[in-house]
Amino acid sequence: MNLALIGFLMVATFMTLIMTKRMTPLVALTVVPTAFALVAGFHAGLGDMMIEGLTKLAPTGVMLLFAILFFSTMTDTGLFDPLVGKLIRLVHGDPMRILIGSVVLCALVSLDGDGSTTYIITMAAMLPLYKRYGMNRLYLVCLLMVTSGVMNLTPWGGPTARAASALKLDPAALFLPLIPGMIAGLAFLIGLAIHFGRKERRRLGKVEAVSELAQSDLAVSQYPEARRPRLFWFNAVLVIALLVLLVWGVLPLPILMMLAFAVAMIANYPDTKAQKERIAAHAGNVLSVVSLIFAAGIFTGILSGTGMVEAMSQQVVAFIPPFLGPYMAPITAALSLPGTFFISNDAFYFGMLPILAQAGAHYGVEPMAIARASLMGQPVHLLSPLVPSTYLLVSLAGVDLADHQRFTLIPAALCCLVMTVVGMLVLAFPFVG
């Protein structure tokens, strides 16, 4: 059987099972690729493929483990309580302001280039408002994820660096013409937040004023005994220092998270019993996220090790008829949506993008244009079950992954369309080569 066809069937089966809730993502990520690899005849090297996939995602799993513990600990200490109180006073009980604020805050925090950190910080600030006012959390995860996808185009965000490396281009020259499209994408998200806000206004009306809220309702922490108000400024400096070091890149992110968590525990909870209580309080959340990361390692390991990724990429390019060659830039933008959804960013940018660029070169389309167009699908990419931070987002919000995918797919695709149209209008990449 054709290896590309097996790959497409494997991904389609996986998506069907989790979106119809026939299997949990954890089980499907492990069972589905194993079954398809055996059907394809890859009995001998299956274990090695799985181990390689686990090895590649191990640093991500470690980073998320300690990131959740660190920022959950900071939440427990009450670090984010003043911010939440300020936000409540600013929104005046208006759901629309809360939704718009979610987009703005996420866009600012996303400048650090790390999706997991962005979700943890924005969730810590915004989720208590959604809970307090009974707002739809699917709106929150939708806005945060798509905003993160737009901001993911910064040179230090990952995809832009991959595209530049794959085609040997200057990252700065690649990125700068994308800024108008990113602005348009954020404007679209503000409009989407207004749309959601109108729906919530009709459903909820204007909720009770701040003066009627008890002070305990302004707090993020669910554990009053764990608050450390006297250490507020120490914890604030610790978080800022972590973010600065993260951007600076002095140490790998997993190591930074481990060190930050250790310092936070020693300073805030010097007693070992209190430390164990803090870890136990968030163990369930940590387990649910990290277990999915390692299960995703099985999926990506088999997808890459069997050669399905390469076969799928070549098959997609082969489907493009010659008369569409001059339109390779918008075709690449369109392919980036399913391309980065079904396979990882690494596989798409290092495996498929060079093939697309080579095909475009035959019709006079510059590699720079193909590279920029390939970045347009990032808001949809983050919906992929292969993206570790997506599991963190839905876990923190307490929503189901399948519900999130169904709800967010159309808004994410529309945002990609807006950025693509603006990208062509400002000649970041041409419509016709």
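Colleague: At what angle do helix 14 and helix 20 pack?
Modeller: This is a predicted model. Helix 14 covers residues 283-305 and helix 20 covers residues 388-397. Their axes lie 9 Å apart, and the packing angle is about 155°.

Colleague: Are helix 14 and helix 20 roughly parallel or roughly antiparallel?
Modeller: The angle between the two is about 155°. Angles over 145 degrees count as roughly antiparallel. Helix 14 and helix 20 are therefore roughly antiparallel.

Colleague: Is the crossing of helix 14 and helix 20 left-handed or right-handed?
Modeller: The axes of this pair are 9 Å apart. The crossing of helix 14 with helix 20 is right-handed.

Colleague: How many nonpolar, polar and charged residues are in the contact of helix 14 with helix 20?
Modeller: Helix 14 brings Asn285, Ser288, Val289, Leu292 and Ile293. Helix 20 meets them with Pro388, Tyr391, Leu392, Ser395 and Leu396. By class, that contact has seven nonpolar, three polar and no charged residues.

Colleague: Turn to helix 8. Where do its buried residues lie around the axis?
Modeller: Helix 8 spans residues 159-167, and its buried residues are Pro159, Thr160, Ala163, Ala164, Ala166 and Leu167. Viewed down the helix axis, they fall within an arc of 165°, so they line one face of the helix.

Colleague: Is Phe175 buried or exposed?
Modeller: Phe175 sits in helix 9. Beyond its neighbours within four places in sequence, Phe175 is in contact with Leu153, Thr154, Pro155, Thr160 and Met182. Its relative accessibility is 12%, and the cut-off is under 20%. Phe175 therefore counts as buried.

Colleague: How far apart are the C-alpha atoms of Phe175 and Pro411?
Modeller: Along the chain, Phe175 and Pro411 are 236 residues apart. Their C-alpha atoms are separated by 23 Å.

Colleague: What is the relative accessible area of Gln405?
Modeller: Gln405 is found in helix 21, residues 401-425. Setting aside residues up to four places away in sequence, Gln405 touches Met15, Ile18, Met19, Phe341, Leu383 and Pro385. Gln405 is buried, with a relative accessible area of 3%.

Technical notes: Residues are numbered from 1 along each chain as its sequence is written. This is a predicted model: local features need pLDDT of at least 70, side-chain atom pairs count only at pLDDT 80 or more; totals for chains, interfaces and linings use all residues. Side-chain values use heavy atoms; hydrogens and water are left out. Buried means under 20% relative accessible area, exposed over 50%, partly exposed in between (1.4 Å probe, protein chains only). Helices (H or I, at least four residues) and strands (E, at least two) are DSSP runs, numbered from the N terminus. The arc is that of the directions from the helix axis to the C-beta atoms. Contact means heavy atoms within 4.5 Å. Axes are lines fitted to C-alpha atoms, for helices over the stretch in contact, and angles run from 0 to 180 degrees between N-to-C directions. Angles under 35 degrees count as roughly parallel, over 145 as roughly antiparallel, 65 to 115 as roughly perpendicular and the rest as oblique. A crossing is left-handed if the near helix is turned anticlockwise from the far one by less than a right angle, and right-handed if clockwise. Ala, Val, Leu, Ile, Met, Phe, Trp, Tyr, Cys and Pro count as nonpolar, Asp, Glu, Lys and Arg as charged, and the others, Gly among them, as polar.
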